[in-house]
Structure formats: C-alpha cells, structure tokens
2 protein chains.
Amino acid sequence: MKTSEVIFQPEGKRVTVPFGSTILEAAKSAGVDLISICGGRGICGKCKVIVEGGEVSPLTQIERKLLSELERSMGYRLACQTSILSQVLVIKIPEESRTGKQRLQVEGIETPVKIEPLVKKYFVKIKKPSLQDIRSDFDRLVEELKRTYGLEGLKITYDVLRRLPLILRESDWEVTVVIWNEDTIIDLEMGNSVNRIFGYAVDIGTTKIAGYLLDLNSGKVLAVDSLMNPQIPYGEDVISRITYVSNNPDGLNELQRAVVDGVNQILKTLLEKTGVNQREVYEMTVVGNTAMHHLFLGINPKYVALAPYPPVIKNGVNVKAREIGADINPNGNVHVLPVIGGFVGADAVAVILATEIYRRKKLCMAIDIGTNTEVVLGNKNEILASSCASGPAFEGAHIKYGMRAATGAIERIKIDPYTLEVQYETIDNVKPRGICGSAMVDVVAEMLKSGIIDVSGRFNKNISSPRLRFTKSGAEFVLAWKNETAINDDIVVTQRDIREIQLAKAAIHTGCALLMKKMGVTEQDIDLMFIAGAFGSYINPENARIIGMYPEIPLNRVRIVGNAAGTGARMALISKSFREKAEKIARKVNYIELGAEQDFQAEFFNSQFIPYADLTRYPETIKLLKRLGKYPKKLPPVFMSNKNR
Amino acid sequence: MKTSEVIFQPEGKRVTVPFGSTILEAAKSAGVDLISICGGRGICGKCKVIVEGGEVSPLTQIERKLLSELERSMGYRLACQTSILSQVLVIKIPEESRTGKQRLQVEGIETPVKIEPLVKKYFVKIKKPSLQDIRSDFDRLVEELKRTYGLEGLKITYDVLRRLPLILRESDWEVTVVIWNEDTIIDLEMGNSVNRIFGYAVDIGTTKIAGYLLDLNSGKVLAVDSLMNPQIPYGEDVISRITYVSNNPDGLNELQRAVVDGVNQILKTLLEKTGVNQREVYEMTVVGNTAMHHLFLGINPKYVALAPYPPVIKNGVNVKAREIGADINPNGNVHVLPVIGGFVGADAVAVILATEIYRRKKLCMAIDIGTNTEVVLGNKNEILASSCASGPAFEGAHIKYGMRAATGAIERIKIDPYTLEVQYETIDNVKPRGICGSAMVDVVAEMLKSGIIDVSGRFNKNISSPRLRFTKSGAEFVLAWKNETAINDDIVVTQRDIREIQLAKAAIHTGCALLMKKMGVTEQDIDLMFIAGAFGSYINPENARIIGMYPEIPLNRVRIVGNAAGTGARMALISKSFREKAEKIARKVNYIELGAEQDFQAEFFNSQFIPYADLTRYPETIKLLKRLGKYPKKLPPVFMSNKNR
C-alpha cells in the first residue's frame, strides 16, 4: 500500500497514513489537536490548516464557500476536504484551529493492538409474536441472537428489560443490541446502528486529565482533549488532597465529584467535536496514580498515605457509569485499571502495557514524568517500579518565571558557551511571558555547558556577563531582556530555580538508580529507555540526560513516548486481552518503596549534582564538558552507600 | 426422636415438632399467626395462648410476671415459655394474640427442603497490614476467605468496596462477609454476625399480598403477615389495572410504587414483630401472576393483555433491592420467579414447586383459587396449566351480603335438609355482619342438598319456608335474621348471588375439564388433587366438590395446601436448587389458552350446572342427593363438545 508521511507543525509530530487520506484523518491518527466540530462533514469550516509543503487535492466547492479569499491566498485548506497526494506533506495547524489554548501533551505512542472491545453491537430482525409462537419478548430476542450470532447465556440490564416491550414494537422488531463482555445486554437501539460504537479513555493525572474518544469499531482516536485536574484547588499534590479528605467530613465526596466533573467536561467537549451522542459511548477506561484511582472511585485514600501504604484494592474495578456519575451511556461500564501499590498506580500499569516492557526480552526502563514520577525497570521476567516525589517544578511551579506550557512560554533555549548569548523559542512564536519545564531542562544543561553553573549547581562568580547578576536575593541569569518580553520585565533564572530543578531531577534519578541497584544492573544493561508524560514529550532528551534526570543511556536507545499512560488506557479500552494483561502486570510488578531502601539518602545526595556526584557514570557528558573546556577542576564528593563502604 | 403433634385452634392446623419444643416454635413451624414481638425472649408477653389439652411445662417466673391471675386461671400461657410435654397438644390462639384482624390465609404446606440459600455469611479474622505485607485491603479479605472457606473469584459490590477500608479498621480486622451466589460480596459487618441472616418471601396476589420473614440459617419462618394489594384502587382485576397503565402516562410507575410500597409495609411489620434489622434481610423472592410479576418489576404488561399475550420475560429475574426500591438490604437481591406465559405466572410455578407435581410419577391436579385461578395438571413427564377468570366472588365481591374473611363473617353454614333451619359459625364468634367465600360454597351445596335450589341453580318455588322469599327483585333465602345480626338487617343469599358462584366455579371447572380432555385423562386417573390459595384453605372440600368446583375426585385424594404459591416462594428463597427447578418448571409447562380450545363454550355451559350438566360424572353427589331424596326429576341438558357430536 502506498503511504504518505505527514508532519504537523509547529510540534513536528509525524504520522504515516495511506496515500490519499484526508489531512483530518492524518491529524486524528496522529492525535494532533485540531478542531472538527462537524466530524469531517464539511459543515463547520473549523478544521483550517496551512499546507506548507507537498501535494494535495485541489480546492473543493465547500472550501471555496467556507474559506475567505485571504485565507485561500495564504494556503489555508480545510483538513477534512483535502486529500494527501505526495509522499511527504508538511502541515501547520494555526492557533485558531486548536481546541485548547494551553498546550497539553495528549498524544502517545501507538502499539499495535488487535481491536477486540468488550462492548459489541449486534443487529437482529426478530420474528413477531403470533398465536402459534407466544415466546416472551426476551426469549425472542436472545434466541435470535443465538441463532444469528451464536451468543448464549445473555443477561439483560434491569432498565433495558423495562424498555424491551416498547422498543421492540416501535422499531417493528428490528433492533441493535449492545452487549458488554459477551454476557450482558446493556442497551437496545431502534434499527441498525452497529457502525456507531464509541468508547472513552481517560488518564487522570494529579495535575492534568487527558481524555480520548475512540471509535470502538476501528480502534481509532476520534478526538482528544485535556483539562487541568479540578481537584487542584484542594491541594497541588496527592498528599495535600488526601489530607483534605481526612480533615473534611464531605471531603471525599467533594474530591470525587470534582474529578468526575472534570472527566465529564472533557467528554462533553469530545462529543461536541465529533457529533457523537452520550448514549453511544458504551465504555470508559480510567488510569491514574493510586490516590487518583481511589478518589475517582470515591474510596477513601487515607490509608494509602499512612505506612505501610496499602491500597484498598489492586484489581481493576468495573463500575456502572450511572453509579459513579460518569456521563457516558448510563448502563455503560467504567473500567478503572488495576494499581500496583499505594504509590504506583494504574498509570504505571498503563505505561508498562503501552511500552510492552512486560513482554520484552531485553531490560527496559521507563519514567513517566509528572508531579509524581513513576520509574519502571524490567522485562518479561521481572519488573520493579517505584514512585518519586518529583514535584511540580517541571510544570512551572516554584520557578520564579515558571509557567505552564502555554502561549508565550519559552520552551527551548540555547546558550552560546563562549558569548553566553541566549537563543530561545516560545510557544506560538510570541513574545515570552515565562519559562516552561522543557526550557528549564535546557537552561540547566546549557548553563552547565557554558560554565555558568558548576556540577553542584552553583553560579560561577568568575564569569563576567551582563546577563549574570548577583543581587541581594541571590544570583540570577537573564534569559530575555525586558524589551523582548511580553511582561515588561527581564525573564531570569535564579539560583533558587536551579535548586528546584536539581531536587526534582534528583528525585527521578534516585528512583532510576535504586531500581538498577535493586536489580543488580547498570545502564549498560538497559536496552531501551522510555520517557513518558506530557512534559516528557517536549524536553530535549540529550539535555535531560546532561542534567542527570536519568542514567546515561545512549540517545539512540531513548524513546519519547508521550502520554503512554493514556495510550495504555486506550489499549485497555479497545482490547479485552490487554485488560487481562493489565491485571497480570499489576500482580507481577514489585513495588519498591524508595524511602525504605538503605541507600536512599546517599543516592539522593549524589543525584543532586549535575549530572551526578560520581561523574564516571556519565562518560558522554564528561567528553562534552571536556571538549567545551568546562570539565570541573574540583570533582564533587561522592556519598558512598552502606554497601560500598 | 420423640415428637409431639400440636393442633392449633380454631383453625385446626396441625404440626409435628420435637418433643419438648416450645409452643412458639411449634406455632412458627406451623406458620400460625401468633404475635411475638420480642422474638421469644420472654419480654413482650404478647404470645399468649390457651392450652386446651395435653401436657406442658409448669408456669415460669416470667409468666407469673406477665400474665394476670385471671389469665392464668383460664389456662393462658406464654407460647415462648411453655414446652410441649405430651404426644398431642391442643392449643387455642385467642384473637388478641393474632397480628391481623382480618383472617387471611398465609400458611402453606411444608415440603422438605434442603437449606441452601444463595446468601451466606462468613466470619474472618484478617491479618493487619505491615511493611512486610502491604497487600491491598481487598486482597487481604479475599485471600483470607479463600484460605478459610475455599472461596474463589469473589467480586465486591461498589458501595461495599467504598466502605471496605473503614470497616476493616473499625472492626479491628474481624468482619462478617455477606456473599451472594458464591461470587459477590454484598455487605460487610463488624465482628461475628453469622447467626443473623434473613430472607423475605412474598406472594403478590391480585387481591392480597402475603409476606414471610425467614431465618436463612434454619430455613424457618419467623413471622408472617399480609395486606390487601394496594393496587386494588386502580382496578379490582388484572385487566382493569393493565388498562389503567395503558391510559395513564405515569400509570406504570404508580402501580409499581403501590405494590412495592405494599411489600415494604408487610416487611416493616415483620421486622417489628421479630426485631430483625432491615439490613439483615439479604434476599427476597417474589411470586405472582404474570401481570403482578410485570407490574412489580415496572415492566409494561400491556402486551400481556393483547393477543397473542406474550410475557416480556419468562425467566426468573434478579434485581438489586436498591434498583426496585425494596426495603431489604440495599445490595440484597430481589429474585422474581419465572412465569409460564401471559396468564400463568410465577405463582403457578411456585405451586408446582411446592406440590412437587413436577417430580411425581402419578398424575396430579392443582387449583390455586383466587381472582384468577390457575389450574395445573401433570406429573414428571408433562404438565399443562391454564388460567381461569374466576373473579372475586369467593372474596365476597359481587355477593349481596358478601364480605372478606374478617371478624363477623359467616364462614361455615349447615342447612337442615328437612327443616331448612340454618346453623352458622362466624369468624371470632361474634354476631354476623356478612358472608365470606367459604360460607358461599357451603350455602350452594347445602341449598342443593336441601332442595332449595335445583341443579340449574334456580330457587325451588314449591318450597314453603319463612326463610325463602320471592321479592320483586328476585328470590332470596334468609341465612340470619335481623335480630341475630350485627347489621340490623336480615342476611340473605339471593338468586343473583347463586349465579355469581355458579359462574365462578364454572370458570374453574372448565379449566379442570379442558386440561383433562387435552391430556386425554379422566378424574379416575388423578392421584392427588391440590386445592391452594387463601380461600382454598377455608372451604369445605366436600361442599366444593358437591357444587362442582372441581371434578369428582375421592376426598381422601384431596389435599388442602394453603398458600402453596407462598410456600414455593419460600422454597426458592432458602434453596438454590429449587430456584433452578423453578426455571425448568417454567420452561416445561405447556400453557393452554382455554378460550382458544374448541370445547370451551360447551364445557363452560355444562360447568354452570350444580355440580355439572352431565351428572354421571358426579356419582358420589348423585348418591348423596338420592339418599336425601333430592335427585332431580328432570336432568339438565348436556352440551356436547364438537368432538363428541
């Protein structure tokens, strides 16, 4: 089959689609944020894109009607009307065609999954009752389902049973039956609607919720959207939310309502984007860390935060949508994926599922970076997992000019190691308003390479540059001068900011290092390193390695996998066997409580250095620093673990 | 084992119990209506009975305190304090010790049933979490259940899961687990409560609802109560209620609420009587005719009343108590037994279950007399069933001085065939207020035997008696003179009343006769004749046979089985295998639509005669009439069916 590669700008996201696909299809398949209210029917005119390179089909009548002359002259096209007619196509999605102003990463890797959803639809024509055939309505229905599709032993949901006599007669005995898990009739629809069957996958992060609407016939993502977790006002991190629940009699209900509302709000947007009806969404899968998992289910997470941190339930949980207040079909099933332990949740299970660590022969590591970062190490024989309190610094919190990855955020930075001049890129190419997490990683790496900071993170007082200032409140480095910015102020990085990043990356590195020690392996044994999470997709993996966020693994073995937790949720949504695999994964993984490891203190101390106290573990970085003439004259102290002493 | 036979007066109900049992235990086991608020703890002093014959244990201290001197001198005892110490004991239950003023028959036959309820309780002591054992709460619970009781693959109800962490810790990890159907945890209780496990069986009649509270550990009936069906204001019979549903937009909900409220009201009384908590009632079984079955489930019964009368569902239905609004444990299961067809319901299934017709080698017939009367004929090879619209005449409706079987109703009548003098008994031995159904059967039989009416039901104008009057509005016979009654009026039976009874009994007889024809058998082939239903328990079976309510079967083959439908509901409540048998019965029985039988008209005409147009089918009655000198000079015409012509 002839294919085309489509590159979506400004993200640079690539996808391969069949030659002749529409740009909208390519965008959906890439999971790119592109408005399409009418679902590709050429009515709404919202899916405007700019063709920057490559061949496409000529303008259609619909486009002539819906695009202005100016837009047409600028290369604007409607994604749903335009077919891809070259091997490579470069498409820019302008800001106005995006659904959210905030750039939240909601794509993921795509692991091939056999489509075998738990919800299926069957169309039947039923024989009408007669004096010769006075079988019950239910018998008529199930016997026809058995005759035509070989289905047996079917149960029926109580409220569907109540509707049964009317719907059979109103539809003149031709109905579509919605069956969950091959055993329960959860809905009945008039006529033939087998081609309309949808599902909703949700990744509930401490900070962000991402939702995906899928076509369960094709397994394709129809629309993607995300939202800040409405629980944030109750506490930025998991512990403060659990404290809220413990201190407020109605706290558990409040937090459950908040997160369910958020999940429903995303779904509403997805339904509007695609024209899918709420009743047509028959199943939902949910992943999240253990606290999010418990709060979503309305289970008190109090004991998850108290030693020895047992979760209330590890197994995947099925709840009726109606019972939990999820706005899909009221009889639809909400499947919450299993968790591993009190601090490693269903999101980690989903990452392991998506990256296929559980079935790989060679050893792999995965880090899912968020306010809590999960670290996973293993292969098909053994998997270890732990959780690191990396905090919200990478989301822009606790950083002087930190901001989320939204319009005007500096997202990439380069510093000339000799002139110390700064080059940066902002999201949407506007004047900078602040710095987002990915640029903070760049800043620390670039400052190390330029000698502005040393391996301990301290500013180098011997450097003389107008950008490096030593003020009363501490040292700072100017990234953008007042006249360049949108905030009428210099945008700087402070000594404190560097410390915040050091703490955050040290937490992650400690997790990586302790898991490797636990398993008795080194970075040389690791075949693949997966970096997951919204933030993870935007960072420069080399700079992340330079600052020592993760062990020094050759860059060609590093894979940026986007929202792998969301991908896992989608896999579980469209595949029964993946759901079963998730249960096995949750049982197989050994949770390592980092704080209980005897080397924890030493490792955490060593990990705060940039990249690491023991520089011999980062030979590539040494080479680079030596080449740039920035190799430290004085090596940092290395805390030895008990074992080594 | 030594046993005692206890006879309860005034009903004459007999029960055999172990020697030394208390009278209360015997009364429970007999299903006799006897108040016992404290449940036999010697606190309430309500279970007063009079020992009329036989040996019992001496008065206890408690009795000396709770019974007055007068009561003690009259032979009053507390049933819970008094042990049975002779082979035969005669006990009278005085009116004040009965729960209901209205006498509604709610006992049934007792078929031996192995106690194997679907709900079971398990007490477990669970290991507390530690750093060495951080299994989830749920894993701890199910693994202990597996270790101690071998239970596997358990699911947990969502709201119990939510309560799990708190209850485990509040009970210091010692809990009682309530499990339904060996697969679902439906409740958790602190400490050990395995000895408290109750169930509720309900028989929903068109006119009356009977409820039984059972101890699911012993299978024993703890209390019995009944209520007029609160749906009566919406229509006396099934068809008028279905019409109401069809004509009123909210009709279905109204009628469902009415019957569920009634069921809940009975339960409330039963709980008060026994001190059982609502939460401790974990399952409920329901029987009723198909219309009652559908209305209880909130399923529109419209199509049940339209040719070809298919039910919406035949299978037994399980619904969560919460979903249907039943006031047992909210996670408890409500099991509605299967129905046979549009007009033969779960009550008929229950009667077949209780009378064991489905497993008998010899042919049996059963009639369950009510506003609709079900007739069943069969054995383990084949069962036929039909439904007869016998109407409410036996409940006292449409009879001039008819009344329900309540205080003051004439319930038994004898007429001297020579003097035409009348002897009667009233319920509670007070002055008569009216006539109830059982007396109406007596009246017709006695009037035939006395020659007051002839085999066509006409009053004999040749008789001269002050009791027989020919008024403008028709003939009437005085049963009780004004000065004897409580209503300041003569109580009479009119020609119209006789016609009503003729129509009602003809409907039942037609059912019996057509089923026998269908199967090609005669009354000689029938081994046992079961007469079921509240009304059925009070009639004189000989008089019922004289008036031709059922075919002439030797009286020693007639069994009065009381509320057999209720008994079937109780059997299904305490036994999983009986529930499975009910499903098989519902599938096995062939429903015969009487109106569609070609002989229906002829048979119905013949059946209106007393006892029957073809007198040769009633040789015993002929003998009796001949002996009394009342054998008709002119024999009635016999309509021949098509086949015989």
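Trainee: How many residues does the contact take from chain B and from chain A?
Mentor: This is a predicted model, in which local features need pLDDT of at least 70, side-chain atom pairs count only at pLDDT 80 or more, and totals for chains, interfaces and linings use all residues. Residues are numbered from 1 along each chain as its sequence is written, chains are lettered from A and ligands numbered from 1 in the order in which they are written, and side-chain values use heavy atoms, with hydrogens and water left out. With contact meaning heavy atoms within 4.5 Å, chain B gives 38 residues and chain A gives 38 residues.

Trainee: What area is buried between chain B and chain A?
Mentor: Buried area is the accessible area (1.4 Å probe) that two parts lose on being put together, summed over both. Carbon and sulfur atoms give 63% of the area between chain B and chain A, which is about 3300 Å².

Trainee: Which residue of chain A forms a salt bridge with B:Arg587?
Mentor: A salt bridge is a side-chain nitrogen of Lys or Arg within 4 Å of a carboxyl oxygen of Asp or Glu, and the count between chain B and chain A is two. For B:Arg587 the closest N and O atoms are 2.6 Å apart, and the partner is A:Asp139.

Trainee: Which element gives the most to the side of chain B that touches chain A?
Mentor: Helices (H or I, at least four residues) and strands (E, at least two) are DSSP runs, numbered from the N terminus. Among the elements that give two or more residues to that side are H4 and H7 of chain B, but the most, seven residues, comes from H5(B).
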